[in-house]
Amino acid sequence: MTSTTHKGRFVTLEGIDGAGKSTHAAWLAQALIDRGRTVVATREPGGTPLGERLRDLLLAEPMTHDTEALLMFAARREHVEHVIRPALARGDVVLCDRFTDATYAYQGGGHGVDAKRIAALEDWVHGDLVPDLTLVFDVPIAVSRERLDRNAAAGHTLDKFERERASFFERVRACYLARAAADPRRCRVIDSSRPLDVVRGELAAIAAAL
Ligand code: TMP
């Protein structure tokens, strides 16, 4: 896998809430470190001091769907300039827990923000920067809901997005799957409802090929 625009590897991790993405992200980061790679594990919204403050607002405050999209991209601009581009220029592997596909899926698919508007922001904020690989962790909505409800029962307070209804997540999931189908060279859908060791086997092969 080679990239024409940067030395490192830019890998993004996507999926609906409760798809097990964050657990797999941590495992994949360690697998890459074990293979001698320098890994920058980061997340969106967030990844910079200002981005993390915007994250707190985005995950808690009611706001219009357009404001949500704009703030996601404001946080992203900080992240791309201060964290992602420098790491890729050094030759590191950037493992980014969500990126612009999430805005298409959540604000676009979920909330109905026009994809053309999202595309305009994408072009402005990170024009030539495209992930080398996007892993879409996919589970049926019933499975993700059960995981989120289990977390809530264990004392984790659900954020604004995690409290959304099943129909919202159906639209988000459909958007992720449509984007993955439209760009199979970049995107790989990982069936995250399989046993952990099976998913890890697939991730180990991906780490070896990066
Ligand atoms: P996380 O649960 O993966 O940390 O992500 C935080 C939430 O933010 C998640 O519910 C998805 C949402 N989100 C968007 O709605 N749009 C975006 O562009 C990003 C990056 C995240």
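Which residues does Ser193 touch, not counting residues up to four places away in sequence? They are Asp138, Val139 and Pro140, where contact means heavy atoms within 4.5 Å. The model is predicted, so local features need pLDDT of at least 70 and side-chain atom pairs count only at pLDDT 80 or more, while totals for chains, interfaces and linings use all residues. Residues are numbered from 1 along each chain as its sequence is written, and side-chain values use heavy atoms, with hydrogens and water left out.

The protein chain contains 8 helices and 5 strands; these are DSSP runs numbered from the N terminus, with helices being H or I of at least four residues and strands E of at least two. Their order along the sequence is β-α-β-α-α-β-α-α-β-α-α-β-α. With a radius of gyration of 16 Å, close to the 17 Å that the globule rule gives for 210 residues, the protein chain is as compact as a globular protein of that length. The radius is taken over C-alpha atoms, and the rule is 2.2 Å times the number of residues to the power 0.38. Along the principal axes, the C-alpha atoms fill a box of roughly 40 × 40 × 35 Å. Of the contacts with a separation of 6 or more, 79% are between residues 24 or more positions apart.

Buried residues make up 49% of the 210 in the protein chain; buried means under 20% relative accessible area, exposed over 50%, and partly exposed in between, with a 1.4 Å probe and protein chains only. The largest nonpolar core has 44 residues, and those with the most contacts inside it include Ile16, Leu28, Leu32 and Phe137. Helix α7 (residues 166–182) gives the most to this core, with 6 residues. Apart from it lies another core of 10 residues, among them Val40, Ala87, Val94 and Cys96. Such a core is a set of buried Ala, Val, Leu, Ile, Met, Phe, Trp, Tyr and Cys residues joined through side-chain atoms within 4.5 Å. Leaving aside neighbours within four places in sequence, Leu32 is in contact with Arg37, Val39, Val93, Leu95, Ala207 and Leu210.

Several loop positions can be taken in turn. Ser193 sits in the loop between β5 (187–191) and α8 (196–209). Its relative accessibility is 39%, so Ser193 counts as partly exposed.

Two loops hold backbone features to inspect. Most residues other than glycine have a negative phi, and most peptide bonds are trans. The peptide bond from Glu44 to Pro45 is cis, with omega near -10°, and Pro45 is found in the loop between β2 (39–43) and α2 (49–60). Arg98, although not a glycine, has a positive phi of about 80°. Arg98 is in the loop between β3 (93–97) and α4 (100–110), and counts as buried because its relative accessibility is 12%.

Asp128 lies in the loop between α5 (115–126) and β4 (133–138). It is partly exposed, with a relative accessible area of 47%. Leaving aside neighbours within four places in sequence, Asp128 is in contact with Thr5 and Arg85. Asp128 and Ala142 are 14 residues apart along the chain, and their C-alpha atoms are separated by 37 Å.
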